[in-house]
Amino acid sequence: MLNFILLIFIYIGIYAIAAMGLNLIVGYTGLLSLCQAGFLAIGAYTTAVLMTTFHMGFWESMIISGFIASLFGILIGIPTLRLKGDYLAIATLGFGEIVRNVILNWDSVTKGPMGINGIPGPSIFGTTLSSMDKPAWIVIIWIFVAATYYFIRRIIRSRVGRALEAIREDEIAASSMGINTAKYKIGAFTTGAFLAGIAGSLFAAFNQSVAPLTFDFMMSIMILCMAVLGGLGNSFATIVGAVIIVLASELPRLMGISHIIPPQLNQILFGLILVLMMIYRPQGIIGRIKLNYAKIVKEEISDLEK
Amino acid sequence: MNLFNIPSNELLQHLINGLTLGAIYSLIALGYTMVYGILKFINFAHGEILMAGTYAGYYFYYFLYDPSKGAAYTIGIFIAALVIAMIASAILGVVIEKVAYKPLRKAPRLAPLLSAIGVSIILANLAALFFGTKSKKFEYPFNNSSMDIGGSSITPNQLMILAVGLIMMAGLKLFVDRTRLGKAMRATSQNQPVAALMGINVNLIISLTFAIGSALAAVAGVLIALEYKVYPTMGTMAGLKAFIAAVVGGIGNISGAMLGGIILGLLETFGVVILGIPQGLKDTIAFSVLILILLLRPSGILMKNIREKV
Amino acid sequence: MPLLYTQNLRREFGGVIAVADVDIEIFKDSITGLIGPNGAGKTTLFNTITGLDFPTSGHVFFKGEDITELPAYKITRSGIARTFQNIRLFKDMTVFENVMIGRHFRGNNPKIVKNKFLNFILGRIYVKKEEKDIYENSIKWLNFFNLLDMRDEYAKNLPYGKQRELEIARALATEPEILFLDEPAAGMNPQETDSLMKTIKRIRDLGITVVLIEHDMKLVMNICDKIIVLNYGKKIAEGTPSQVQNNKDVIEAYLGKTDD
């Protein structure tokens with residue numbers, strides 16, 4: 001039982017990292033992206049291939065995975081970020097499907113539908129972790145959650161965050177204020193992809209295997225639900241959203257009634273969350289926190305006077 | 001002419017396959033385009049509305065199916081099943097609009113889109129829950145042994161798909177261009193507040209748009225079911241492809257949706273035979289087309305370039 | 001040489017010609033009025049000059065350089081700012097933040113050219129110096145418009161006249177050489193319009209050239225050095241206020257032909 005709870009918190013952590021990345025794209029910048037699972041897949045497979053075929057260590061594989069995912073973020077971002085909201089959503093959805101299709105069919109590298117097994121665990125302080133070492137994994141993954149939270153907080157409280165907020169409010173006005181909106185949008189998109197890549201890498205190393213069917217459209221939706229449920233534009237709320245969504249989907253197993261609850265109920269629940277939240281509480285459970293940039297800047301520059 | 005070294009009889013075969021696929025895409029694309037024309041919003045659940053109607057038609061058909069009663073009877077209940085599918089989808093489309101989209105008409109654009117994604121997930125999973133995830137086959141109501149035309153084999157079913165597609169599209173075009181309601185629909189899509197001021201019942205027109213678009217999708221669904229199968233996620237990929245078709249033709253443009261569907265159907269068919277794209281990557285063609293068209297001509301091939309009013 | 005001029009500027013939407021081969025010249029330190037009946041193509045002309053729309057053909061020159069194909073943000077950076085007919089403030093941002101965004105790109109530190117994003121996020125010392133500059137400049141512009149008391153108010157909560165002023169303040173924060181105002185007096189009462197007239201003159205006195213679209217003839221005739229009249233996308237007249245007032249074509253455009 002304890003083992004299972006630890007497992008749940010490992011997954012919550014992994015999803016929270018990806019969801020905070022998505023929140024930067026959707027919540028702070030106002031771009032609807034439906035391919036976060038695609039970036040997760042890219043990160044997971046990069047790590048899997050680097051560690052099994054090229055026998056690289058986990059930590060360097062993870063960094064490379066993050067950068068490869070963000071590279072794809074730039075690739076997909078450049079053509080599509082000129083598009084308006086719903087077009088962008090569909091284009092990203094299409095991209096996610098392409099990623100999955102390529103992974104399924106590129107047998108020589110990805111082993112096709114079989115997936116890649118036997119990924120070694122990361123070594124830390126001279127020992128190699130396996131999926132069994134759950135307490136250690138919890139610590140590692142939640143350190144990454146905290147780092148992600150801090151990283152996004154820095155972005156949002158900086159001048160970049162101010163520009164992202166302006167772009168979300170009115171892109172045309174922002175561009176006529178001299179802001180290179182395309183660059184900021186691609187920046188946000190790429191950063192979100194990077195974080196998904198890191199999450200994917202952790203996912204692969206923890207499970208010690210990857211399979212293409214894991215990273216489907218429903219996973220993108222689940223991550224989106226986390227960001228929406230907690231409240232778009234609030235990283236802490238996103239973590240809360242991840243806790244609720246993962247707990248809700250594992251609740252039947254947690255209570256030992258998974259054999260009588262059909263798996264579809266889970267997904268129906270995600271659907272209901274999206275519809276009901278949009279109609280009754282579009283700001284999410286916790287909601288957006290409006291920063292006061294004038295105050296932040298005043299604090300920041302106060303130590304210049306000295 | 002010998003295009004890419006393919007024998008002419010095979011070429012004709014692929015052409016017919018492509019047109020059949022394209023006709024189905026066109027029928028579905030019409031629903032996306034009509035709704036987008038009026039509400040400026042992508043009805044993400046369109047594919048699932050198609051699926052629900054198809055199931056309604058399927059169960060109706062097998063409720064009355066009795067091979068001992070002869071061919072005329074079978075064709076009769078098939079036509080009735082088609083009508084039932086259309087009615088079921090139309091009702092579902094209108095109800096979904098009222099429940100999940102209408103409260104969000106004034107909300108930021110992200111909201112109705114997310115709501116629509118939610119609805120589509122709910123419908124697909126409800127179907128899996130009630131009808132099972134195993135795919136079901138629609139028996140042909142008629143003899144479907146292929147005919148030989150110019151060395152290529154064509155099934156009566158393919159001919160029917162082309163015929164039904166053509167009739168539905170011509171009917172829609174006539175309705176939109178010639179009737180009072182069609183005119184009201186076009187007026188609403190051009191300028192909703194002004195249309196309302198002119199005494200047009202905008203809510204009624206929106207419902208009508210959803211009803212017609214959904215009914216056309218149901219027709220496509222039944223045609224898909226005859227050629228392929230019925231299953232809970234049958235609408236998802238078909239819907240996405242049809243959406244791409246609508247974008248290719250110029251979203252919001254009815255003729256564009258028809259043309260876009262045909263183009264996409266042909267591209268997919270010939271992409272596999274001419275470019276040798278593996279069957280497993282067939283879906284990639286459509287998405288690549290989408291990204292290309294959005295890059296090169298985001299307003300679609302039939303639309304004039306219109307920028308947001310500043 | 002004029003500070004800004006257009007050459008055969010043309011914008012078609014489908015078959016409709018919104019701007020028909022228009023040549024205009026804007027001279028430094030002047031206030032130029034752009035008038036014409038509704039639908040004459042005034043806003044479209046503004047949009048094609050400021051990069052929010054691209055002309056079908058023709059050119060825009062600013063300080064002798066061709067800026068026709070530049071995107072909006074580069075045009076703003078080159079020294080052209082604008083306001084919008086239907087006020088496009090960042091509604092859910094504060095008054096202060098709106099003005100800060102206006103100064104967003106005006107870095108005065110050459111070190112910051114490379115790796116901007118990363119430096120912003122890391123909060124380097126020269127980024128802080130820039131932020132200080134943004135902060136102090138924003139205060140300067142808020143003071144110019146007497147908006148400093150409302151600095152923490154959300155833009156959407158300001159009264160209409162104040163919103164128009166804030167939009168001008170935000171545009172001025174980009175440090176333009178030329179300022180385009182699209183119907184700045186729309187929706188203002190006579191007192192607000194009077195104060196706006198004084199403000200526009202004060203802006204001109206700072207050495208900023210002003211071009212404005214306006215339907216309020218009292219304002220236009222009082223403060224403009226030159227007036228350009230558009231009708232059906234064509235330039236039908238230009239000159240001093242009195243010249244334009246007595247122009248036969250202009251009277252016809254506004255009142256319709258009197259002889260039929």
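The contact between chain B and chain A takes 34 residues from chain B and 31 residues from chain A. On the chain B side, helix H4 (110-131) and helix H11 (282-296) each supply at least two residues. Of the elements on that side, H4(B) gives the most, with 14 residues. By class, the residues with which chain B touches chain A divide into 27 nonpolar, 5 polar and 2 charged. The model is a predicted one, and the description of this contact should be read accordingly.

Chain A also meets chain C. Here 33 residues of chain C are in contact with 29 residues of chain A. Four helices of chain C, namely H2 (72-78), H3 (95-102), H4 (116-122) and H5 (125-144), each supply at least two residues of the side that touches chain A. That side of chain C has 13 nonpolar, 7 polar and 13 charged residues.

Chain C itself may be considered next. Its secondary structure comes to 10 helices and 11 strands. The C-alpha trace of chain C spans about 70 × 40 × 35 Å along its principal axes. A compact globule of 260 residues would have a radius of gyration near 18 Å, and the 19 Å of chain C agrees with this expectation. Buried residues make up 47% of the 260 residues in chain C. Among the contacts in chain C with a separation of 6 or more, 66% are accounted for by residues 24 or more positions apart.

Confidence is highest in helix H2 (residues 46-64) of chain B, at a mean of 94, and lowest in strand E1 (residues 147-149) of chain B, at 76. Over residues 305-310 of chain B the pLDDT is below 50, and this stretch has 7 contacts in the model beyond near neighbours in sequence. Where pLDDT is low, the predicted coordinates should not be read in detail.

In chain A, helix H6 comprises residues 134-157. At 1.5 Å a residue, its 24 residues should span 34 Å, and the end C-alpha atoms are 34 Å apart, which agrees. The buried residues of H6(A) are Trp137(A), Ile141(A), Val145(A), Thr148(A), Ile152(A), Ile155(A) and Ile156(A).

Met114(A) is found between helix H5 (107-110) and strand E1 (116-117) of chain A. Is Met114(A) buried or exposed? Met114(A) has 11 C-beta neighbours inside 10 Å and therefore counts as exposed, the cut-off for that class being 12 or fewer. The C-alpha atoms of Met114(A) and Arg288(A) are separated by 42 Å, the two residues being 174 residues apart along the chain.

Note on methods
Residues are numbered from 1 along each chain as its sequence is written. Chains are lettered from A and ligands numbered from 1 in the order in which they are written. This is a predicted model: local features need pLDDT of at least 70, side-chain atom pairs count only at pLDDT 80 or more; totals for chains, interfaces and linings use all residues. The expected span of a helix is 1.5 Å times one less than its number of residues. A residue is buried if 20 or more other C-beta atoms lie within 10 Å of its own, exposed if 12 or fewer, and partly exposed in between; C-beta atoms are placed from the backbone. Two residues are in contact if their C-beta atoms, placed from the backbone, lie within 7 Å. Ala, Val, Leu, Ile, Met, Phe, Trp, Tyr, Cys and Pro count as nonpolar, Asp, Glu, Lys and Arg as charged, and the others, Gly among them, as polar. The radius of gyration is taken over C-alpha atoms; the globule rule is 2.2 Å times the number of residues to the power 0.38. pLDDT is the predictor's confidence in each residue, from 0 to 100.
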